Amino acid sequence: MAEAMIEFQSVTKQYQGGQPAVDGLSMSIDKGAITVFVGPSGCGKTTSLRMINRMVEPTSGTITVAGKDVSNEPAAQLRRSMGYVMQSSGLMPHRSVLDNIATVPRLNGVSKAAARKRAQELLDVVGLASVLGKRYPSQLSGGQQQRVGVARALAADPPVLLMDEPFSAVDPVVRDELQRELLRLQRELAKTIVFVTHDIDEATVLGDKVAVFAVGGKLAQYAAPEEILRAPANDFVASFVGRDRGFRHLAFNAADAVPVHPVKTVDASQLGASSGEWALVLDGDSRPMGWASPRDGAGLVPGGSLFRRGDTLRRALDAALSSPSGLGVVVDDGGRLAGVLKAEEVLALIEKTRHNREDAP
Ligand SMILES: Nc1ncnc2c1ncn2[C@@H]1O[C@H](COP(=O)(O)OP(=O)(O)O)[C@@H](O)[C@H]1O
Ligand SMILES: [Mg+2]
């Protein structure tokens, strides 16, 4: 059995005069894993998360982190000992990106030079170019700001990361990228991550375990994502898990069997010369930039989501359906073109997978 890092024992939170925001929560959160709290708005996810680092105090019950009752730890110290990432990046607008990342190490007494050096390294860890360190938060895109938020949370190398809807405000393509990056990071860092989202897809993609919260601050189901999808504990979970459940299992099937085809490519200088078929526009490094339309030579048409080798069927379907040409772009680990997927072939494989599942005992 996995080792517990955080334990809730009969934890209730009642704000002044209201119904309980969290009602008798008991659960054990595994060390070194991603645990996702998911549920509709107002069901107590943020409150539960914030009780872990004492941003909110429980009305009754006990929370322990690494075996210690958090109510015995000085709140300020406890807060600094855990990384915290929220939906709005929460960056200080008048400080450079590097200084933002260095905040907690500075509070912990690390020298300015050492904290900045570490901040510089963390930019790379979260996939940001080092030149961005000198910029101010407003000079970054939403996705870049969230990466900085993650870097800042990692700066003091805390064993626990608390993340409250960190990717909810960015567009779906960037969200996809950030989710992928978080999973990559986690493979190296093996932190104990508690991640809040209202999005069941995000929960099942990221979570080693998923806790579904119901209205009234009750834990409705707590299990591995596959189990929640396959065997919802009650009607509430079943309806929350949603109408297109039929597609959700795709997240667990590799798309290795989908054929990858060659595609016509052009470089940006050839845009506008219409060629009668869709052509993929590549940069000098063979990275896809977008599409050239077969007809009007309208310039660069933005591409859809990219598919990396080894990704799931769900991502294959996303790539094919989000592409203006109907061809999903496959890239290698370096982001260079590997070929294209055809939507009809992805769908055929999905059909086959579904039948196999239904035939299984
Ligand atoms: N500071 C607060 N004071 C009073 N009520 C609050 C406060 N914070 C949250 N609540 C209430 O507690 C319930 C749970 O809120 P929250 O934990 O933010 O849910 P979620 O993150 O799942 O959307 C809601 O009914 C909300 O209105
Ligand atoms: Mg919330």
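Let's start with strands E1 and E2, which run antiparallel and are joined by seven bridges. One pair to look for is Glu7 and its bridge partner in E2, Ser28. Please keep in mind throughout that this is a predicted model. Between the two strands of this hairpin there are five residues, and here Gly17 takes a positive phi near 75°.

What is the order of its four strands? Reading across, it goes E2-E1-E4-E5, with antiparallel pairing, and the sheet is open. At the edges stand E2, residues 20–30, and E5, residues 68–69. Each of these has a single partner strand, so one side of each is left without a neighbour in the sheet. Towards the E5 end, strand E4, residues 60–65, pairs with E5 over two bridges, again in the antiparallel sense. If you want a residue pair to find there, Thr64 has Asp69 in E5 as its bridge partner.

What packs on this sheet? That would be helix H1, residues 45–52, which touches E1, E2 and E4. If you compare directions, the helix makes about 120° with strand E1, which covers residues 4–14.

Helix H1 also brings us to the ligand. Which element gives the most to the shell around ligand 1? It is H1, with three residues. The residues around the ligand include Tyr15, Ala21 and Pro40, and also Ser41, Gly42, Cys43 and Gly44.

Let's zoom in on a few polar contacts. A polar backbone atom of Gly42 is 2.7 Å from an oxygen atom of ligand 1. With Lys45, the side chain takes part: an N or O atom there is 2.8 Å from a ligand oxygen. Thr46 also uses an N or O atom of its side chain, at 2.8 Å from an oxygen atom of the ligand. How much of ligand 1 does the protein cover? On its own, the ligand has 560 Å² of accessible area, and the protein covers 53% of that.

One last stop, further along the chain. Strand E16, residues 327–331, and strand E17, residues 337–342, run antiparallel and are joined by five bridges. Here Val330 has Gly339 in E17 as its bridge partner. Five residues lie between the strands of this hairpin, and Gly335 takes a positive phi near 80°.

Definitions and conventions
Residues are numbered from 1 along each chain as its sequence is written. Chains are lettered from A and ligands numbered from 1 in the order in which they are written. This is a predicted model: local features need pLDDT of at least 70, side-chain atom pairs count only at pLDDT 80 or more; totals for chains, interfaces and linings use all residues. Side-chain values use heavy atoms; hydrogens and water are left out. Two strands pair if DSSP finds at least two bridges between them. Contact means heavy atoms within 4.5 Å. Axes are lines fitted to C-alpha atoms, for helices over the stretch in contact, and angles run from 0 to 180 degrees between N-to-C directions. A residue is near a molecule or strand if one of its heavy atoms lies within 4 Å of it. A polar contact is a pair of N or O atoms within 3.5 Å; within protein, one must be able to donate a hydrogen and the other to accept it, and residues adjacent in sequence count only if both atoms are side-chain atoms. Accessible areas come from the Shrake-Rupley method with a 1.4 Å probe; for residues, only the protein chains shown count as cover.
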